[in-house]
Amino acid sequence: MSSNNGSSTFPSISRRRFMQSAAALGALSAVGTPLLGRGAFAAEPKKATLTGSHWGAFRGHVEDGRFTSITPWEGDKYPSPQLAGVRDSVYSPSRIKYPMVRRAWLENGPGADPAGRGTDDFVRVSWEKAVELVANELVRVKEKYGPTAVYGGSYGWKSPGKMHNCQTLLRRLLNLNGGFTNSSGDYSTGAAQVILPYVVGSIEVYEQCTTWPVVAENTELMVFWGSNPLRNSEICWAVADHGSFAGIDQLKRAGTKSICIDPIYTETAQKLGSEWIKPRPQTDVAMMLGIAHTLYSEGLHDQKFLDKYTSGFDLFLPYLLGKDDGQPKTAEWASEICGVDPETLKDLARRFAKQRTMLALGYSTQRQHHGEQVHWMLITLASMLGQIGLPGGGYGLSYHYASGGAPTHTSPSLPAISDTPGAVAPSGGPAWLAGGGAASIPVSRFAETLLNPGKTMDFNGGQVTLPLIKLAYWVGGNPFSHQQDRNEMVRAWQQLETFIVHDFQWTATARHADIVLPATTSYERDDISVIGDYAMSHILPMKKVVDPVFEAKSDYDIFTAIAQKMGQGYTYTEGKTPIDWIRGFYEAAKIESRARGMEMPVFEVFWESNEALEFPLADANKNYVRYADYRKDPLLNALGTATGKIEVYSHDIAKMKYDDCPPHPTWMEPVERLGGPGEASQKYPLHVAAIHPVLRLHSQLCGTSLRESYAVQGREPCWMNPEDAKARNLKDGDLVRVFNDRGQILAGLVVTDVIMPGVIRIDEGGWYNPVDPRTPGSLDSYGDVNNLTVGISTSKLAQSNCGQTGNAEVEKFEGVPPKVTVFDAPAA
């Protein structure tokens with residue numbers, strides 16, 4: 001089950017079974033079918049239906065009306081083994097079949113027995129009754145409490161399609177009802193996307209890095225700092241292209257030296273044979289400061305670059321040298337905090353400066369207490385090296401996710417449905433970053449909002465008054481997975497009078513709802529999308545594979561029915577069917593494409609071809625270098641910061657006077673950490689790495705047969721170093737209780753030396769399954785790691801989540817273990 005014999009290989013859940021799953025998908029054909037591109041299209045469509053998912057494009061095979069198997073799209077040379085779980089999600093035992101209402105709510109009205117959510121049984125109702133209940137409740141709450149009492153900030157990894165974006169469709173309905181409370185930011189990069197505009201003038205975490213071909217040709221030292229492309233680039237926000245897999249292969253062929261700075265020796269590190277450096281989690285800023293101090297004290301920094309392209313280094317320097325606080329940030333000082341030998345830190349500084357170095361930083365490093373400081377300090381370090389804007393040098397913030405670094409093709413924008421009837425939604429970045437609504441709160445502060453209505457919260461230089469929320473409407477997401485401090489969340493949820501959920505599986509979120517409406521999967525409806533968040537290489541017809549099962553309906557049809565009940569049906573649809581919307585998006589892209597000198601086929605030809613429409617890749621895009629234009633002319637290509645330069649010191653942040661976010665990158669102790677001085681750090685000595693999972697996308701596909709390939713005794717795996725296991729008299733395969741003052745979970749132990757001592761790994765996204773849902777703090781029988789993580793914010797600046805902050809202890813579970821029930825339908 002694991003590697004505990006001293007060899008540095010991944011546990012079998014991510015190596016042997018990964019390969020088994022991949023083989024189950026079927027081999028790619030030796031000669032790919034010609035793709036639609038610039039008017040050229042296949043003469044005969046394939047019989048299997050072409051569609052797409054977050055895991056990639058594929059062809060769905062159907063026999064007697066049933067979705068039977070999947071073949072990866074022949075244009076994807078690195079298909080994800082997670083595709084094997086996609087078909088199963090349609091027929092999973094946890095599939096929601098009918099409209100359901102929680103019995104206490106149905107019999108006694110809104111607000112009835114809120115502690116019973118998650119344990120109460122459900123009553124099946126007709127679609128007509130369900131639509132009436134939802135429409136009446138939306139109107140009631142708005143009229144009694146005002147529109148801000150309705151929360152429509154529904155967040156999560158909804159369908160990648162441009163038409164069936166259920167979160168946008170929800171807000172479209174709520175806007176017709178007079179408004180709602182929305183959310184801002186996201187859980188992935190919440191701290192970084194607020195701090196980075198002050199530092200480099202844009203959020204950057206969702207922008208293209210220097211391309212992989214340029215890195216492979218020019219980079220001499222690739223540093224993966226909390227970054228693992230071979231795990232996190234199996235997915236995309238749109239349809240995955242898996243360009244990072246090609247990028248890593250290019251690095252391997254080029255023989256590029258690489259370093260993995262991570263508590264885990266990742267798949268990427270193993271593929272490249274990377275050098276492994278293991279700092280204590282959450283000490284990255286201290287480690288970077290120690291390297292920076294060596295650069296400066298040994299004269300290895302690029303002062304000319306700092307003078308020309310950055311602002312405020314002179315104001316940061318007194319802190320670095322200890323003139324402000326009496327503590328120089330030497331390698332020796334940093335070593336005491338991060339646990340890396342001071343000579344290793346000094347050697348890193350010298351190697352970074354001597355070679356063309358690319359610092360690839362992962363999102364997880366900023367999902368911690370004071371997470372804003374990590375990206376800021378890395379950019380400061382890169383600025384001191386002076387390689388920003390050079391081919392293969394500088395830094396990149398999205399190499400590990402959605403194939404950042406894949407070259408962008410010359411493709412048109414593909415619009416999407418808007419949350420305001422009559423408006424046109426922009427193409428491009430994540431829709432949730434746009435804001436909107438009658439009020440808005442930081443997305444990870446929802447539980448805090450429920451518990452503290454009327455409280456004034458500092459946020460990004462301003463203040464937010466937390467609204468009173470009585471109804472939450474959730475679609476396309478799973479807050480009982482991604483929100484931290486699960487038991488605080490359970491207490492907060494009891495403040496709601498009504499909770500409405502659309503989903504296709506009985507997730508913990510659906511189980512905690514009052515009204516549950518069965519939605520279709522992406523494979524039971526037509527849609528359209530692009531392939532590759534950064535590559536945007538193709539426009540893909542996401543064609544329906546099978547008809548909806550049981551009584552499932554698309555979110556568009558559900559919201560249309562509710563809007564009709566409210567007398568707003570035509571306004572909601574604008575008189576269009578889904579295929580009308582899809583055709584309109586395509587035609588808009590066709591017009592833009594023609595303006596660029598490319599001619600796309602007419603919509604009917606594209607749709608009936610059953611092929612993806614390919615766009616060319618220009619040499620300039622293939623050879624893109626991040627910040628090359630800025631380096632060439634920093635005046636003509638000034639950044640969007642206050643000074644137009646990279647800001648090592650921000651006067652704007654200084655004016656905010658936040659005690660937890662100084663005006664330059666700073667080391668601040670997190671509330672708890674491995675080896676930290678705090679009480680919780682001493683009481684619970686193991687750091688919990690709650691990272692992106694193997695063989696699922698957050699909580700998606702956890703409720704499928706893929707779980708059988710990695711679960712241990714039917715539970716979520718807990719990875720532990722052999723030293724820590726021996727000290728606790730634990731062995732591989734044991735059922736263990738992982739606990740702290742916030743919560744407790746059961747997990748199956750995986751003993752492996754690919755994780756450093758003092759750290760345990762429990763992947764986020766395991767479905768929450770409390771033994772007693774009525775009692776916060778109850779043992780979670782499956783293994784939802786967010787029972788253990790802290791719910792505090794990163795700082796007053798970003799008010800983001802700290803999903804990587806949390807310590808715990810592990811012990812062997814004795815007695816008869818409770819059953820895992822979350823993967824079956826609840827009582828009805």
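Tutor: Start with the buried residues of helix α11, which are Asp284, Val285, Ala286, Met287, Met288, Leu289, Gly290, Ile291, Ala292, His293, Thr294 and Leu295. The model is a predicted one. With 12 of its 14 residues buried, α11 is mostly covered. An α-helix has 3.6 residues a turn, so residues three or four places apart point the same way.

Next, the two ends of the helix. The loop between β11 (275–277) and α11 (284–297) holds Gln282. Gln282 is not a glycine, yet its phi is positive, at about 75°. Its relative accessible area is 4%; buried means under 20%, so Gln282 is buried. Just after α11 comes Gly299, where phi is again positive, at about 70°.

By the rule used for ring pairs, the count comes to 38 aromatic pairs. One of them involves Tyr296 and Phe313: the ring centres are 6.3 Å apart and the planes stand at 45°, so the pair is tilted. Tyr296 belongs to helix α11 and Phe313 to helix α13 (residues 313–321), so this pair ties together parts that are 17 residues apart in sequence.

For comparison, take another pair, Tyr586 and Phe603. Their rings are 5.6 Å apart from centre to centre with 65° between the planes, an edge-to-face arrangement. Tyr586 lies in helix α23 (residues 578–595) and Phe603 in helix α24 (residues 603–609), so here too the parts tied together are 17 residues apart in sequence. Tyr586 is buried, with a relative accessible area of 0%, and Phe603 is buried at 2%.

Aromatic rings also occur in a cluster: ring pairs link Tyr151, Phe446, Trp474, Phe480, Trp493, Phe499 and Tyr768. Elsewhere, Lys329 lies over the face of Trp333, 5.9 Å from the ring centre.

Note on methods: Residues numbered from 1 in each chain as written. Predicted model: local features only at pLDDT ≥ 70, side-chain atom pairs only at ≥ 80, totals over all residues. Heavy atoms only, no water. Helix = DSSP H or I, 4+ residues; strand = E, 2+ residues; numbered from the N terminus. Buried < 20%, exposed > 50% of the residue type's maximum accessible area, 1.4 Å probe, protein only. Phe/Tyr/Trp six-rings, centres within 6.5 Å; stacked < 30°, edge-to-face > 60°. Lys NZ or Arg CZ within 6 Å of the ring centre and 35° of its normal.
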